Amino acid sequence: MADCDSEEIAVIGNTDLTAAELENNKNNTMAEAGTTLLRRMEISVAEAEKRTGKNAVNMQETYTVYLVETRPIDAAEGQNPAPDSLWRRYSEFELLRNYLLVTYPFIVVPPLPEKRAEFVWHKLSADNMDPDFVERRRAGLENFLLRVASHPILSNDKIFHHFLAEEHGWKEAVFETGFQAKADSRLKALNATFRVKNPDKRFTELKHYSDELQSVTSQLLRVRARVADRLYGVYKVHGNYGRVFSEWSAIEKEMGDGLQSAGHHMDAYATSVDDILEEEEHYADQLKEYLFYAEALRAVCRKHELMQYELETAAQDLASKKQQREELATGTIRTFSLKGMTSKLFGQETPEQREAKLSVLEEQIAEGEELVKEKNAECEEYVKNAWVDIERFKEQKDRDLKEALISYAIMQISVCKKGIQVWTNAKECFSKM
Amino acid sequence: MSGIIADPTDSCTPAQEIPADLSGQMLELDEDDDLEVFSKDTTLTDGSFFNASMPTSPASMINQYKFEEEADDKDIFITVDNPESHVTAIETFITYRVLTKTTRSEFDSCEYEVRRRYQDFLWLKGRLEEAHPTLIVHPLPEKFVVKGMVERFNDDFIETRRKALHKFLNRVADHPILSCSEDFKVFLTAQAWELTSHKKQGPGFLSRMGETVRAVAATVRGVKNRPEEFTAIQEYVDTFSQKITSLDKVTQRILKEQKEYLDELKEYGPVYTLWSGSEEELVEPLKGVASCIERCCREKEEQISHLSETLVPSLHEYVLCAETLKSVLRRRDNIQADYEAKNDMLANKKTDREVLKEEIDKLEDKVECANNALKVDWARWQKNMSGDIRGAFLSTAEKNIDYYEKCLAVWESFLLSQRSEHSVEGTREQQTAKDACPQDT
């Protein structure tokens with residue numbers, strides 16, 4: 001599932017990439033500069049374990065920890081060094097991601113697997129402690145690490161390396177970066193969304209796209225879960241045939257054997273749905289990843305809006321200051337200002353006072369021009385960098401989702417083949433009745 | 001029009017008559033008159049033609065003229081079709097055309113066409129059972145009264161009933177003894193007024209009442225020396241009745257689940273289409289998946305139709321058969337109980353012993369006849385039953401295979417279309433496909 005732009009085949013634990021797939025990825029990402037971590041290192045989230053301990057308010061709690069294993073790739077032939085490993089909680093993954101979000105706002109940061117199980121069909125547990133949920137979360141966390149490790153920019157982050165390398169002291173190191181102070185408040189971002197005048201058109205389009213993506217993938221996940229539920233019902237009811245055939249066969253002489261063996265096939269049919277739906281969960285997880293990616297995409301757009309808004313605000317301030325200077329210099333008042341009015345009411349200023357004001361304004365204007373230049377440069381830089389990552393993301397998304405749809409088709413084919421097999425066997429038994 | 005259509009060498013298709021197509025609703029027996037109040041709306045909801053003279057689906061047309069067990073010496077062919085509504089001042093009811101073609105000598109002509117209503121079928125069944133109390137007469141479809149549904153009998157119901165009536169008459173025609181019944185002949189040949197007058201002649205309603213009363217009395221009295229083999233049959237019938245009822249329920253439940261699954265599936269495809277609207281590169285695969293799902297929906301619909309036209313009615317028929325069997329066994333018991341009762345009286349009687357003895361001898365013969373008739377018919381019934389049930393399940397299994405095969409083809413062609421775009425993908429998919437189905441390589 002993760003990108004890989006390495007020359008060598010990187011061994012990635014627990015994903016479905018094949019040699020051919022990696023070849024394809026390489027073709028698509030050759031253009032990208034920089035090495036990624038995956039070139040040098042195997043990363044996996046190997047296990048999950050339950051722990052109990054005291055939480056922040058000194059109460060007992062049970063939580064799950066995940067074993068993050070890393071192993072350098074360039075071991076010599078025949079050598080198989082033991083992996084380095086450490087345990088991480090989900091909250092630590094969250095912290096890592098938040099740090100990345102703040103530190104690289106122009107990047108579409110890979111999402112984490114969901115915190116709580118959503119879009120469950122009835123048989124699947126919504127309990128966070130449920131072993132199936134934990135297992136799928138384990139896989140999701142691994143996928144997250146692989147995505148980060150294969151990103152041309154994110155993979156070089158020191159905090160990320162630290163996360164993989166040292167269990168203790170990592171949290172402190174993250175907080176020491178002071179990333180929290182850099183985080184934009186939600187309110188500020190919302191404000192910007194409504195008031196920005198000239199956002200880059202491409203970002204506006206991207207915003208719409210990310211909304212659509214979010215809406216359609218969540219709808220798809222909901223309907224899929226309902227379909228899965230119903231399919232479960234169909235298969236399971238056939239299990240009753242097994243029971244009744246078996247009971248009936250007891251009183252039949254000629255039909256007995258046929259009935260009995262047909263019954264076994266009906267039981268097999270009924271139980272086959274469990275595997276089928278488990279495999280489909282994997283497909284659902286792929287869709288979910290892009291549901292959450294849509295949010296990350298949106299965040300990049302929001303940041304642009306914020307920066308653009310700050311630029312516009314700075315430019316506006318500058319313009320108004322320049323106007324004030326003009327008014328002061330020529331003595332004309334073009335705009336209404338309280339100062340202007342009071343000075344009219346309470347008498348003109350002295351030339352000295354005017355000079356003082358003018359020089360303050362000049363200073364402010366100079367500062368303002370610097371600020372605007374700065375903000376402009378920031379914005380341009382942001383747009384440039386963001387768009388590079390957005391293009392990268394788009395290609396990744398198209399690749400991944402196409403692959404997901406293909407593997408969905410393959411799943412359906414497998415379901416059909418199993419169905420043909422069971423009913424062919426049953427037909428054979430029926431014909432012997 | 002009728003005739004042997006099925007290929008004599010086609011021995012592997014099950015000898016199948018049209019089973020009654022009963023809808024998935026709960027059917028309740030109603031003791032009232034068979035007044036069929038219904039709508040004259042002839043709009044086609046599911047393709048079943050209301051006024052056609054032939055059942056329209058090709059499968060049913062072939063089935064209608066298929067061989068039955070004694071195919072080689074079949075000399076009488078009966079079809080029930082062409083339901084029509086009749087409105088009188090008092091009531092509205094449906095009649096069916098009964099067409100008979102025969103070479104039997106006891107028939108004056110070789111072709112007859114009459115119209116009969118459900119009441120008439122009921123009468124015929126009653127007469128046959130009276131004349132041959134221990135023969136197993138194939139059941140009639142139930143009277144159908146759904147709570148709250150007073151006015152309308154829909155096309156489905158009428159078609160279901162028509163098929164069941166058709167089967168009923170053909171089973172009677174097949175039966176070596178029942179088909180010789182005079183009442184049967186009258187049923188097939190007489191014009192409406194002739195039938196009415198014939199009905200009035202024989203023992204009718206009152207005699208049936210009498211039988212019911214006697215039956216109740218006999219149950220109270222009980223039979224003393226039931227032969228072992230009939231006890232065995234009784235035990236079999238009790239278990240069979242339970243199992244077939246369960247199967248009927250399970251099958252109805254499957255039908256329900258399939259319908260609900262289809263409903264959800266119909267919502268599913270369109271979401272992929274919706275998604276394709278906001279994508280560029282992914283338009284083709286998304287639309288492809290949507291169309292695959294749509295196609296699978298259509299196949300599912302056909303599978304559901306087949307289930308409700310084949311297996312559901314077949315099983316339901318045998319639920320009714322089980323009741324018939326119980327009645328037959330009861331009647332046999334009653335005949336024996338009658339004899340035993342009279343026999344006991346002999347010990348106490350001082351006078352009229354000769355007359356009594358004569359009666360007892362007659363009853364003894366009656367018991368003997370009844371037992372033999374039942375024994376033979378029992379074997380016959382079992383053969384028919386296993387043939388029918390086997391046929392229905394075989395057909396269902398075949399349809400299910402067909403459904404999966406069609407869906408398989410749909411998804412495989414989608415895969416092919418994606419594959420043809422990039423050869424690299426081809427190797428990837430083969431690899432993933434191999435991973436998904438290791439046993440297929």
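Two rings of Phe, Tyr or Trp (for Trp, the six-membered ring) are taken to pair if their centres lie within 6.5 Å. By this criterion, the predicted model holds 30 aromatic pairs over all chains.

One of these pairs is formed by Tyr235(A) and Tyr269(A), whose ring centres are 4.3 Å apart. Planes under 30 degrees apart count as stacked; the planes of Tyr235(A) and Tyr269(A) stand at 20 degrees, and the pair is therefore stacked. The pair links distant parts of the chain, with the two residues 34 positions apart. Tyr235(A) belongs to helix 8 (residues 201–249) of chain A, whereas Tyr269(A) belongs to helix 9 (residues 256–330) of chain A.

Trp248(A) forms one aromatic cluster with Tyr236(B), Phe240(B), Tyr318(B), Trp378(B) and Trp381(B). In chain A, Arg51(A) lies over the face of Trp87(A), at 4.9 Å from the ring centre. In chain B, the ring of Phe93(B) has the charged end of Arg117(B) over it, 3.8 Å from the ring centre.

The overall make-up of each chain was examined next. Chain A contains 11 helices and 3 strands, which follow one another along the sequence in the pattern α-β-β-β-α-α-α-α-α-α-α-α-α-α. Of the 433 residues in chain A, 49% are buried. When contacts in chain A between residues at least 6 apart in sequence are considered, 75% join residues at least 24 apart.

Chain B likewise has 11 helices and 3 strands, and its order along the sequence reads α-β-β-β-α-α-α-α-α-α-α-α-α-α. Buried residues account for 51% of the 441 residues in chain B. Among contacts in chain B with a separation of 6 or more, 77% are between residues 24 or more positions apart.

Within chain B, helix 4 (residues 182–189) is mostly covered, since 6 of its 8 residues are buried. These buried residues are Asp183(B), Phe184(B), Val186(B), Phe187(B), Leu188(B) and Thr189(B). The elements that cover them include strand 1 (76–87), strand 2 (92–102) and strand 3 (111–117) of chain B. Helix 2 (118–131), helix 3 (155–174) and helix 5 (192–201) of chain B are also among the covering elements.

Two packed helices are described by the angle between their axes and the distance between the axes. For helix 8 (residues 283–309) and helix 10 (residues 353–419) of chain B, the angle is about 170 degrees and the axes are 10 Å apart. Angles over 145 degrees count as roughly antiparallel, and helix 8 and helix 10 of chain B are therefore roughly antiparallel to each other. The contact of helix 8 with helix 10 of chain B has 11 nonpolar, 7 polar and 7 charged residues.

Val312(B) counts as buried because its relative accessible area is 1%. From C-alpha to C-alpha, Val312(B) and Pro176(B) are 28 Å apart in space, and they are 136 residues apart in sequence.

Terms used: Residues are numbered from 1 along each chain as its sequence is written. Chains are lettered from A and ligands numbered from 1 in the order in which they are written. This is a predicted model: local features need pLDDT of at least 70, side-chain atom pairs count only at pLDDT 80 or more; totals for chains, interfaces and linings use all residues. Side-chain values use heavy atoms; hydrogens and water are left out. Rings of Phe, Tyr and Trp (its six-membered ring) pair if their centres lie within 6.5 Å; planes under 30 degrees apart count as stacked, over 60 as edge-to-face and the rest as tilted. Helices (H or I, at least four residues) and strands (E, at least two) are DSSP runs, numbered from the N terminus. A charge sits over a ring if NZ of Lys or CZ of Arg is within 6 Å of the ring centre and within 35 degrees of the ring normal. Axes are lines fitted to C-alpha atoms, for helices over the stretch in contact, and angles run from 0 to 180 degrees between N-to-C directions. Angles under 35 degrees count as roughly parallel, over 145 as roughly antiparallel, 65 to 115 as roughly perpendicular and the rest as oblique. Ala, Val, Leu, Ile, Met, Phe, Trp, Tyr, Cys and Pro count as nonpolar, Asp, Glu, Lys and Arg as charged, and the others, Gly among them, as polar. Buried means under 20% relative accessible area, exposed over 50%, partly exposed in between (1.4 Å probe, protein chains only). Contact means heavy atoms within 4.5 Å.
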